[in-house]
Amino acid sequence: MKVLVLRFSSIGDIVLTSPVLRCVNQQLQGAEVHVATKAVFADLVRFNPHVDKVHELKDDLGELIRSLKKEGFDAVVDLHHNLRTTRVKRALGVRSSSFPKLNIEKWLMVNFKLDRLPKEHIVDRYFRAVEDLGVHNDMAGLDLFVPPEREIDMRALPEAHRQGYTALAIGAAHATKRLPPHKLIELARSVVGPVILIGGKEDQEVARSIASTVGGRVFDATGRYDILGSASLIRQASRVIAHDSGAMHIAAAFKRPVMSIWGNTIPEFGMGPYMPTHPQRARVAQVELPCRPCSKIGYERCPEGHFRCMEDQDLNAIATFAAE
């Protein structure tokens, strides 16, 4: 059976699809598993042994559809469930399924603080899309595969970091999901021992401020490596501190102890660190406020103006986790 799985973006969401890819491959006899995703994220599935072929979405969805039509799929599993994936499903014209996005339930929670959310992780909701195929969650957690040639050699790191470090992932898609720079500096100061800053080029200015303030025990890796290079640094870390971000899910995929810091979003949306085999390794730091959650995604500034969900974080408790 030839199965196409759709998930175009982004880093964390794609990593969260990995249990479905594994289980379809292992539980569906004779399955040939293809994935369609944005080209910029293709490396997250390219080296997955449970995936037979990756189809990259570049600028032209029509071009991708024309390519997919040539494959002759038997089924489409839509783990993105938006207008573009709907267009793909209609164009292919084969049996398809998707998962419940809970948009109404999230809207009620954001706007009226009415909790109608199921106590269910999004991974479990993803599996609703493959129930009719006879595929179930094996509860083995997330996967991410970094080929040996893409691993970061520890000898490339400063000598002080080669015996262990805390990975501090400072990025997130929206400002209200990130600690403000002065809090990140305070947190990095509080963490005992070597620290490696993880992030993209967009995080470099903040990273430079942290490194220059805290000093040599902080190694700034922001913008130095691609997705898999940064993932390699997370995999080799002793502990990981991250926001509600792709880095949090990468840490969970490698079963690394991770402290996730939550601002305007909440884990109850179903996107918390997913480690069913090692739940004790996943921690959550959040401030209970009547204004949370204020969005299911995020903003560029706090709509209330006070940003207490991040300003009031207990940084000492977060730093203590890194010392355990």
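## The open sheet

Two strands count as paired if DSSP finds at least two bridges between them. In this predicted model, 5 strands pair in that way to form an open sheet, with the order S3-S2-S1-S4-S5 and parallel pairing. The edges are strand S3 (53-57) and strand S5 (95-98), each of which pairs on one side only. Neighbouring strands of the sheet are turned against each other by 20 degrees on average, direction ignored.

Helix H2 (residues 18-27) lies across strand S1 (2-6) and strand S2 (32-38). The angle between H2 and S2 is about 160 degrees. Helix H4 (residues 61-69) lies across S1, S2 and S3, and runs at about 155 degrees to S3.

## Thr85

Thr85 belongs to helix H5 (residues 83-92). Is Thr85 buried or exposed? Its relative accessible area is 0%, so Thr85 is buried, the cut-off for that being under 20%.

Leaving aside neighbours within four places in sequence, Thr85 is in contact with Leu6, Phe8, Asp78 and His80. With Asp78 there is also a side-chain to side-chain polar contact of 2.8 Å. Thr85 and Arg7 are 78 residues apart in sequence, while their C-alpha atoms are 8.2 Å apart in space.

## Helix H8 and its two helix partners

Helix H8 (residues 181-190) packs with helix H9 (residues 204-214) at an angle of about 40 degrees, and the two axes are 9 Å apart. That angle makes H8 oblique to H9. The crossing of H8 and H9 is right-handed. On the H8 side the meeting residues are Pro181, Leu184, Ile185, Ala188 and Arg189; on the H9 side they are Val206, Ser209, Ile210, Thr213 and Val214. As a general point, an α-helix has 3.6 residues a turn, so residues three or four places apart point the same way.

Helix H13 (residues 315-323) also packs with H8: their axes come within 9 Å and cross at roughly 40 degrees. H8 is therefore oblique to H13. H8 passes H13 in a right-handed crossing. Which residues make this contact? H8 contributes Lys183, Glu186, Leu187 and Ser190, and H13 contributes Leu315, Asn316, Ile318 and Ala319.

## Helix H10

Helix H10 (residues 227-235) is largely enclosed by the rest of the structure, because 7 of its 9 residues are buried. The buried residues are Leu228, Gly229, Ser230, Ala231, Ser232, Leu233 and Ile234.

What do the buried residues of H10 pack against? Their partners are helix H3 (43-46), strand S7 (195-198), strand S9 (239-243) and helix H11 (246-253). The N-terminal end of H10 is capped by Asp226. A side-chain oxygen of Asp226 lies 3.3 Å from the backbone nitrogen of Leu228, and Leu228 is itself one of the buried residues of the helix.

Definitions and conventions: Residues numbered from 1 in each chain as written. Predicted model: local features only at pLDDT ≥ 70, side-chain atom pairs only at ≥ 80, totals over all residues. Heavy atoms only, no water. Buried < 20%, exposed > 50% of the residue type's maximum accessible area, 1.4 Å probe, protein only. Helix = DSSP H or I, 4+ residues; strand = E, 2+ residues; numbered from the N terminus. Contact = heavy atoms within 4.5 Å. Polar contact = N/O pair within 3.5 Å; in protein donor to acceptor, adjacent residues only side chain to side chain. Axes fitted to C-alpha atoms, helices over the stretch in contact; angles between N-to-C directions. Parallel < 35°, antiparallel > 145°, perpendicular 65-115°, else oblique. Left-handed = near helix turned anticlockwise from the far one by under 90°.
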